[in-house]
Amino acid sequence: MPFVTASSQRGPYDVIVVGSGAGSGQSAYTLCMEGVKVLMLEAGRRYTPATESPMFQTPEMAPLGGADTTDKDKGFYDATVNGGWDVPGEPYVSVPDKWGAHFTWWRARMLGGRTNHWGRISLRNGPYDFKPRSRDGLGFDWPITYDDVAPYYDKVELLIGVYGGETSLENTPAGPGGTLLPPPKPIVSDHLLMKYAPRFGIPVLPGRRAVLTRAQDHRTIPGKLHPGNARAQRILAEAMRKRSPCLWATPCGRGCAVAANYQSTTVHLPPALATGNLDIITDAMVYEVTMGKNGRANGVRFVDATTGRHEHATARIVILGASACESARILLNSKSAQFPDGLANSSGLVGRYVLDTVGSSVSGQIPLLESLPPLNEDAADGLQVYVPWWLYKRQLAHELPFPRGYHIEYGGGRQMPSIGTFSGLEWLTGGSYGRKFKEDARRYYGSFIGFDGRGAMVPNDNCYVEIDPKVKDRFGIPVLRFHWQWGEYEQRQAVHMQQTFGEIIEAMGGRIQSPIITDPVKAIAPGGYMIHEVGGTIMGADARSSVTNRWSQTWDVPNLFVADGGVFPYNADKNPTLTIMALSWRMSDHILERMRRREI
Amino acid sequence: MTDRRTTLKLVIAAAAAMPALRARANYTDNLEPGASPPGNLRQFEPTMDGYGPDPDLIKAYEKGAFWPLTMNAEQRQLAAALSDLIIPQDEHSPAASAVGVVDFIDEWISAPYPRQREDRATVLRGFAWLDGDARHRFEQPFAKLHEAQQRAICDPICNVSRASAALQGPAQFFAAYRNLTAAGFYTTVAGRKDLKYIGNVPLAQFDGPPVELLEKLGLA
């Protein structure tokens with residue numbers, strides 16, 4: 001019985017993994033496949049995508065047509081349960097609570113965490129992204145290079161299944177060939193972008209998402225990922241055979257009952273459980289890492305949310321993968337006489353340099369796309385194509401007022417009509433109603449496109465978390481207090497997004513509904529909105545300037561590691577999840593090596 | 001596409017800031033907290049909690065499954081008349097009220113969430129104005145009027161940017177109500193069929209658009 005409770009643990013365990021999302025799921029997978037006994041602690045409930053994903057449900061089956069509400073912040077059918085911008089009984093503090101300085105924190109208290117609903121966009125960091133300071137003098141370099149991580153990007157892509165295309169563009173790497181699945185066919189609005197973007201010197205590439213555009217090669221991939229480990233190969237092959245290729249329907253964010261995309265609950269955890277080496281306790285809210293007398297971690301304390309009892313679990317090694325800010329919270333709450341400022345915090349940097357992604361959006365209406373014939377454009381649920389950052393050379397020459405780039409996530413098409421599809425059409429229809437309104441709806445349906453810029457953030461001293469001195473959650477655990485301020489670089493970057501998107505839409509013959517925002521403060525989405533927060537336990541070259549080392553190991557406690565985005569000293573424009581997994585696998589390999597050498 | 005939340009928030013914000021809202025007594029009567037609209041349009045305030053952060057996502061829900069619907073018979077007649085004026089039956093699809101749009105709107109304005117409670121105020125205030133104007137001009141409630149009479153009332157308020165200063169409030173109500181009617185209608189089987197939406201079915205492969213179409217559009 002791999003799902004256990006506080007009282008039915010089957011220790012001793014080699015490793016405790018806190019969290020069950022991308023980073024923690026990857027750690028559990030890698031370690032269990034090599035025979036390590038792992039106890040995973042997840043704060044939320046058990047969640048089963050095969051039976052709980054509302055894949056083909058239509059809006060009229062849901063209350064309010066599936067509208068987003070304060071109970072389901074991204075709509076009724078979003079896979080996130082017991083989560084969102086607010087988690088009942090688990091507050092956090094953001095001071096000052098005002099636009100621009102406010103940080104909004106998305107959490108998912110469920111097995112698999114945020115991987116159940118994420119966008120599946122899986123971009124590799126490039127060589128510049130690991131050495132940004134060396135390139136332009138700002139922020140921090142990682143203590144590792146692209147070449148250190150590249151083999152792990154290869155492995156993760158092979159394991160989870162990522163579609164994409166080859167590329168030779170600057171700082172936009174792909175694997176050595178054979179790691180990516182074929183990209184989906186572009187839809188009509190994608191072809192529009194492919195025609196017009198190049199006129200601005202803007203490249204359009206096949207998208208990269210963790211979606212199976214065909215069945216995985218279960219005959220050869222297991223041997224590549226687990227050479228010399230026949231049992232792991234057999235388990236992985238069987239897990240891969242159980243995944244279906246994409247059905248070309250239903251939004252990935254609802255979760256995938258047939259495991260055609262990556263979520264920890266369908267890809268990492270099933271094979272890890274099949275090894276017999278993984279035990280999972282759900283509803284286990286971890287709040288403290290406990291220390292032995294030898295200066296090493298010996299376990300964690302958690303509240304069993306079903307009983308309210310405080311429990312202790314022990315292991316030789318502790319891995320935090322609770323999400324960047326939650327892992328920082330656990331460390332800061334792990335105070336003792338020996339560590340009055342929290343654990344692994346001799347640098348004073350736990351909670352510091354929290355980063356998010358710059359976001360700014362413009363949408364338009366395209367006359368060419370009006371009144372198209374019936375087409376099934378569900379496709380891969382978006383990002384059949386995307387635009388990587390394309391102005392590296394101009395940036396290097398200091399020709400732009402911001403040092404780091406962004407990529408463009410683009411979408412359109414005849415998607416399933418939702419409650420918002422025909423809202424606010426007066427700017428096009430002149431306020432029609434009656435038969436004319438129905439004609440207008442047919443005419444404009446599918447003629448809208450949207451550009452979402454997703455940009456890099458330079459770390460700054462004003463973005464950090466600390467423990468609030470007063471507020472506690474329903475378990476009595478002190479909560480986080482966020483501090484946030486975008487830098488001018490990010491704000492200028494957002495204005496560049498606005499202007500660029502507006503120019504492309506106009507070149508397409510389209511109309512822009514809302515004016516292009518040129519006020520830098522208003523052009524940028526508030527902190528946290530992109531749900532890409534990383535940093536807080538940043539990795540670096542020495543114990544003075546960072547919390548973790550090149551192996552995601554805390555400098556202060558040799559058997560304590562961080563598997564989530566907390567270790568990022570820089571957030572490039574690339575969505576962080578793929579890198580989180582690659583770093584977690586790399587860290588886990590390092591742990592295996594140290595365990596074999598009996599060093600930890 | 002501005003999302004609905006943003007649109008409605010802007011509408012509400014504009015309404016709150018607009019002195020013109022107070023130009024007509026029968027429009028502003030029930031702006032005061034606790035005040036009842038004129039006539040029989042009494043308010044029933046939703047008091048239930050929502051569906052919570054972990055509802056069953058698989059089952060199909062009837063309207064009113066989580067909180068009671070609150071429109072009375074007269075309000076439902078008005079809602080049906082206005083919805084059908086906005087989305088009438090034609091050769092492609094039925095009228096809005098024939099596919100449950102009144103229930104959709106009733107569920108919406110009866111819901112306990114902040115956004116829906118704002119919409120509730122907008123809709124009930126608009127209903128009161130609409131019936132007041134109908135009785136004032138044609139001595140009948142709006143639902144009993146002929147289409148030409150209904151149009152005479154709605155034409156001046158069907159576009160916020162063209163509506164007179166005195167009619168800004170009603171025009172913002174009409175825009176919000178049209179959004180709700182379209183939201184309810186185009187999320188039904190009939191609405192999707194009208195738009196010739198043919199997705200949400202599993203496919204063995206995805207072929208992309210036909211080359212002939214791309215050529216015709218100059219995108220090949």
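Which residues does A:Thr579 touch, not counting residues up to four places away in sequence? The first legend gives the answer.

This is a predicted model, in which local features need pLDDT of at least 70, side-chain atom pairs count only at pLDDT 80 or more, and totals for chains, interfaces and linings use all residues. Residues are numbered from 1 along each chain as its sequence is written, while chains are lettered from A and ligands numbered from 1 in the order in which they are written.

View 1. Residues up to four places away in sequence aside, A:Thr579 touches A:Asn125 and A:Lys574; two residues are in contact if their C-beta atoms, placed from the backbone, lie within 7 Å. A:Thr579 is buried, because 28 other C-beta atoms lie within 10 Å. A residue is buried if 20 or more other C-beta atoms lie within 10 Å of its own, exposed if 12 or fewer, and partly exposed in between, with C-beta atoms placed from the backbone. The C-alpha atoms of A:Thr579 and A:Phe568 are separated by 9.2 Å, and the two residues are 11 apart along the chain. Helices (H or I, at least four residues) and strands (E, at least two) are DSSP runs, numbered from the N terminus.

**View 2. The largest nonpolar core and A:Val38.** A nonpolar core is a set of buried Ala, Val, Leu, Ile, Met, Phe, Trp, Tyr and Cys residues joined through C-beta atoms within 7 Å. The largest one has 167 residues, of which A:Ile16, A:Val38 and A:Leu41 touch the most other members. Helix 17 (residues 577–596) of chain A contributes the largest share of this core, eight residues. Neighbours within four places in sequence aside, the contacts of A:Val38 include A:Tyr13, A:Val15, A:Leu31, A:Asn277 and A:Leu278. Another core, of 60 residues, lies apart from the largest one and has B:Leu82, B:Ile109, B:Leu167 and B:Ala175 among its members.

**View 3. An open sheet of six strands in chain A.** The strand order is 6-13-14-15-12-18, with antiparallel pairing; two strands pair if DSSP finds at least two bridges between them. Strand 6 (205–206) and strand 18 (511–512) of chain A are the edge strands, each pairing on one side only. Helix 6 (residues 188–196) of chain A packs on the sheet, where it touches strand 13, strand 14 and strand 15 (448–455) of chain A. The direction of this helix makes about 35° with that of strand 13 of chain A; axes are lines fitted to C-alpha atoms, for helices over the stretch in contact, and angles run from 0 to 180 degrees between N-to-C directions.

**View 4. Strand 14 of chain A and its pairing partners.** Strand 13 (residues 385–387) and strand 14 (residues 406–412) of chain A are joined in the antiparallel sense over two bridges. A:Tyr386 has A:Glu409 as its bridge partner in strand 14, and A:Val387 stands opposite A:Ile408. Strand 14 and strand 15 of chain A pair in the antiparallel sense over seven bridges, with A:Ile408 opposite A:Gly453 in strand 15. Seven of the seven residues of strand 14 are buried. A:Tyr406, A:Ile408, A:Tyr410 and A:Gly412 point one way from the strand, and A:His407, A:Glu409 and A:Gly411 the other way.

**View 5. A:Gln485 in a loop of chain A.** A:Gln485 is found between strand 17 (478–483) and helix 15 (488–507) of chain A. This residue counts as partly exposed because it has 13 C-beta neighbours inside 10 Å. Neighbours within four places in sequence aside, A:Gln485 is in contact with A:Ala101, A:Asn460, A:Asn462 and A:Cys463. The C-alpha atoms of A:Gln485 and A:Ala101 are separated by 5.2 Å, although the residues are 384 apart along the chain.

**View 6. Helix 6 of chain B and its buried residues.** Chain B has nine helices and zero strands. In helix 6 (residues 147–154) of chain B, the buried residues are B:Gln150, B:Ile153 and B:Cys154. They lie on the same side of helix 6 of chain B because they cover an arc of only 90° around the axis; the arc is that of the directions from the helix axis to the C-beta atoms. The cover over these residues includes helix 3, helix 5 (114–138) and helix 7 of chain B.
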